[in-house]
Amino acid sequence: MRRILAAGLWALAAIHLAEAIMLRRRRRQLASLPDDVPAATARGAAAKLDVVAVAGSAVDQATAAAARSELDATGAQVVDLIPGDLPAERALRLLRRLEPDRLGADPFYSPGGAHEAVALDPSVSDRMAGGPAEDGPLDRAALVRITLRAQRHAPTASRARVAPRLRATPSEPEDAWRELEQRTAYSRPYGALHPLLVAAESAHLAVMTAGLAVAPVAAAAALVSWSAQPALVFAGRSPLRPPGVAFGSFSRLPRAWAANARLVRAGRRATRARDAERRAAPPPAPPDPRAWFEPRRSTCYWCGSTALARRLDVTDLLQHKPGTFHLDECRACGHVFQNPALTPDGLDYYYADAYDGLGEELAETSFAALGTIYRRRVESLARFTEPRAWLDVGTGHAHFLLAARRRWPEATFDALDMSDSVEEAARRGRVDQAYRGMFPDLAPRLPRRYDVVSMHHYLEHTRDPKRELAAAALVVEPGGHLMIEVPDAEASWSHRLGRYWWQWGQPQHQHFMPCDNLVAALGAEGFEVLSVERGPATMGGDLFNAVGLVLQHLVRSPHLPWLPEPSLAHRVARVALYGAAVPAMLVTKLADEVKDARLGPGDAGNAYRIVARRT
Ligand SMILES: [Zn+2]
């Protein structure tokens with residue numbers, strides 16, 4: 001036991017040093033604002049800038065002018081202002097998430113900033129609906145939200161710079177807790193990461209402290225390497241100079257314990273306040289389930305055959321909203337569809353908080369993480385054409401178009417979606433022209449035709465995919481291209497994993513077209529199919545996501561406000577089960593990589609992609 005602990009502590013010491021080296025490299029990448037802005041131009045320059053700062057922070061005119069000058073010099077639109085005297089622990093946390101060189105280069109990267117003050121070009125503030133300001137003095141959580149939004153409104157045009165004249169405002173424990181909560185908001189619907197992060201830090205401190213009694217030499221190595229981190233990272237000439245770094249090393253452990261205890265207490269107070277608020281608010285009126293479903297079909301949506309077989313009965317495994325959903329499979333043509341289908345009201349009810357509200361940060365984070373898949377889509381099309389005018393149907397927040405725009409900067413990119421996400425995407429500069437509504441309704445009235453139309457993971461969400469294909473035939477010009485990507489329910493894992501196959505996506509996914517059916521339907525609409533990719537188009541993650549769905553099914557998230565508060569026993573069981581499942585998650589993550597790497601072009605992964613030309 002003692003040996004294991006000692007080995008762990010030595011490993012910890014190595015990790016502390018490696019991390020210090022990494023953070024020091026990032027610190028060196030951090031540039032400072034220019035300090036040679038002439039006073040005469042400062043007043044006028046600062047006026048052409050919107051500065052949003054946390055309550056109590058004062059951004060002086062010289063700093064604002066330097067920020068404006070930085071934007072002009074680099075062509076950037078957003079610059080996060082890092083106080084030159086940012087306290088060491090906050091500065092280390094900042095460097096852990098901020099890769100300065102990546103911020104201006106990767107359009108999917110929005111790491112936030114120091115959350116002290118951020119300077120925006122007025123064009124960005126205008127695009128951010130409702131302006132950058134929230135009412136009243138801003139706390140740090142509000143500034144996290146504003147910084148993330150600003151960075152997303154200016155992909156590759158965001159910077160982070162040290163502002164030597166800016167002074168850091170003190171951070172109260174409540175403030176620190178809310179900042180942490182906001183930074184991990186993407187985890188909220190199903191996980192709530194911030195208590196786990198605080199617990200992990202407590203465990204880290206406890207191992208080093210207790211180790212001193214059991215394995216003193218190894219514990220001292222871990223403790224010294226950790227205590228020296230601020231000095232290792234910030235020593236030398238640097239615009240970012242946290243105060244008291246040299247002597248602070250000696251007291252890092254007691255100060256960290258105290259700060260951690262304050263954070264835990266602040267978290268408890270915040271949770272109690274939220275629970276009280278939740279109990280005081282009346283529960284939302286349950287919608288009328290009779291209005292949720294259409295009458296059940298006795299014939300196949302695709303071919304009209306009456307030979308329907310039950311394929312799957314499943315509940316809402318993610319959001320745990322009430323209701324059971326049935327998928328039928330046609331024995332004649334293989335089409336799989338939700339039967340009875342949800343009505344538009346039913347869909348509204350189940351879509352709520354999936355991509356917006358509670359689920360907004362999660363959706364944003366997961367879509368931004370699909371960069372590799374976006375690049376594969378771009379390559380699939382690049383084999384056949386150089387796009388000029390592109391319409392992306394079912395665009396969401398148009399993450400894919402960020403990747404397409406990088407490949408074809410000269411092309412125009414319009415987008416269409418039912419939700420207001422497409423308007424937000426236009427404000428973020430991802431979309432040239434946004435159309436909101438149903439594609440079959442809008443298609444005949446669109447002002448132009450396109451040489452490329454894409455529908456990525458869109459058709460399965462629609463109530464009538466054949467009408468969508470007819471709409472595409474109207475909008476793609478002759479010789480133009482249509483690219484479609486949809487889940488592939490012919491995958492063997494869709495059978496093996498049953499209701500835990502994540503691409504079933506119930507209750508959102510209405511239709512699953514076998515690949516041959518879609519190829520034939522495209523032919524009937526006047527398209528010539530140029531390429532069909534199956535294995536290479538997979539989204540991956542079958543086994544890993546199945547573990548997640550099983551866990552969520554067994555011990556659902558306590559953070560879903562439409563459900564009653566779970567008992568303490570449920571919460572304890574949840575933590576225990578998730579802890580026990582960590583090895584399974586690691587193994588399945590690896591197994592997915594191995595399994596998907598072996599898929600050939602004709603093997604069914606969990607999605608397929610078709611490129612077709614309008615004849
Ligand atoms: Zn059929």
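**Aromatic rings and their neighbours**

Lys-321 lies over the face of Tyr-349, 5.1 Å from the ring centre. A charge sits over a ring if NZ of Lys or CZ of Arg is within 6 Å of the ring centre and within 35 degrees of the ring normal. Lys-466 is likewise placed over the face of Trp-302, at 4.7 Å from the ring centre.

This is a predicted model, in which local features need pLDDT of at least 70 and side-chain atom pairs count only at pLDDT 80 or more, while totals for chains, interfaces and linings use all residues. Residues are numbered from 1 along each chain as its sequence is written, and side-chain values use heavy atoms, with hydrogens and water left out.

A pair of aromatic rings is described by the distance of the centres and the angle of the planes. Rings of Phe, Tyr and Trp (its six-membered ring) pair if their centres lie within 6.5 Å; planes under 30 degrees apart count as stacked, over 60 as edge-to-face and the rest as tilted. By this rule there are 15 aromatic pairs. In one of them, the ring centres of Trp-390 and Phe-400 are 5.6 Å apart and the planes meet at 50°, so the pair is tilted. Trp-390 is buried, with a relative accessible area of 0%; buried means under 20% relative accessible area, exposed over 50%, and partly exposed in between (1.4 Å probe, protein chains only). Phe-400 is buried too, at 4%. Both residues belong to one aromatic cluster, together with Phe-108, Tyr-374, Trp-408 and Phe-413.
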